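Take a look at the fold before reading on. The walk below goes from a helix pair to a core and then to a loop residue.

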Amino acid sequence: MIDSKNGIIGLAIGDAMGVPLEFYMREKLMQNPKTEMLGYGSHNVPKGSWSDDTSMTLATIDAIIKDKKINCETIATNFLEWMKNAKYTPIDRVFDIGRTCLRAITRFEDKQNVAEKCGGNSEMDNGNGSLMRILPITYYCYCQRLTEPEIYETVEKVSSITHRHEISIMGCFIYVIYGIELLNSKNLTQAYKKIKAIEYDKYFSQDTIRRYERVLKNNINKYSLDEIKSTGFVVDTLEATLWVLLNTDSYNQAIIRAINLGNDTDTVGACVGGLAGIYYGQESINQSWKNDLLKFDYINNLCDKFNGVLNS
Ligand SMILES: [Mg+2]
């Protein structure tokens, strides 16, 4: 039996831990590292508020619950509900939305294209906005026992609702495969070996593959802190995520490391939190952080329903 709460609550807590620190300078955080759930800060929202990362993740889960399969039209409809009516939010308002997501969801609203062709596909559309919400696809692909090409196809269309450029899709694909390995009870290093062994040229251009060289050809965990950026660029976010995971030994330690990298703290927190949650399990998460998370019961309930679909 798969319990999606490990990853989903892990992601939400990583997101909420990072929200008040978004855009903070690393140098400042290193002098005074944050280890608790804080309120206000960057977005002036109460303690325990999670952001677009979690909202779009929950919107995706809710779509899979409804259809019992992946239907991009339903996912995009839920994204629109989030953007317009603040559904799937902790405080009933949207305080954080990326430019590429905003444009894509608006294209969907205006019926300019089918959902999976609404995402931006220029070089500039490679923020981490699809990586931050791709975790439910990890669970879905794992439970459906999809083959590697099928996983690619699924990731490609779900990412493309907002992010249709290859660089974004490849980041999501690596993240999903890594997560599936963890669900297969592989350890962090074994999962890393797996993502390095894939023949990416079956799916992506050399130009795109080259962007991920530091992850796939080198050992990302061996880079120094100064060499790891934590910006909103999808490649940087994936690098930071794997660097944190491979250099820490617990969920709590991983989240503290992630958010104190500064810059895009909520998304690095969310991406780390999702995978660390799968690996270490929800019971390993600091109880006070769980107590602080807004709408914990709502997320929990949605995960119960998602589990029902995944395990059926
Ligand atoms: Mg966010």
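What follows is a short tour of a few places in this structure.

The model is predicted. Start with a pair of helices. Two packed helices are described by the angle between their axes and the distance between the axes. Helix H3 covers residues 52-67, and helix H16 covers residues 296-310. They pack at an angle of about 40°, and their axes are 9 Å apart. That angle makes H3 oblique to H16. The crossing of the two helices is left-handed.

Now look at the contact itself. H3 contributes Leu58, Ile61, Asp62, Ile64 and Ile65. On the H16 side they meet Ile299, Leu302, Lys305, Phe306 and Val309. By class, this contact of H3 with H16 holds 8 nonpolar and 2 charged residues, with no polar ones.

Move on to the largest nonpolar core, which has 96 residues. Val155, Ile174, Val176 and Val272 touch the most other members. Helix H8, residues 166-183, gives the most to this core, with 12 residues. Take Val155 as an example. Beyond its neighbours within four places in sequence, Val155 is in contact with Ile134, Ile137, Ile169, Cys172, Phe173 and Val176.

End in the loop between helix H7 (148-160) and H8, where Arg164 lies. Is Arg164 buried or exposed? Arg164 has 22 other C-beta atoms within 10 Å. The cut-off for buried is 20 or more, so Arg164 is buried. Leaving out residues up to four places away in sequence, Arg164 touches Gly119, Gly120 and Asn121. Gly120 is 44 residues from Arg164 along the chain, yet their C-alpha atoms are separated by 5.5 Å.

Notes
Residues numbered from 1 in each chain as written. Predicted model: local features only at pLDDT ≥ 70, side-chain atom pairs only at ≥ 80, totals over all residues. Axes fitted to C-alpha atoms, helices over the stretch in contact; angles between N-to-C directions. Helix = DSSP H or I, 4+ residues; strand = E, 2+ residues; numbered from the N terminus. Parallel < 35°, antiparallel > 145°, perpendicular 65-115°, else oblique. Left-handed = near helix turned anticlockwise from the far one by under 90°. Contact = placed C-beta atoms within 7 Å. Nonpolar A, V, L, I, M, F, W, Y, C, P; charged D, E, K, R; others polar. Core = buried A, V, L, I, M, F, W, Y, C linked by C-beta atoms within 7 Å. Buried ≥ 20, exposed ≤ 12 C-beta atoms within 10 Å, placed from the backbone.
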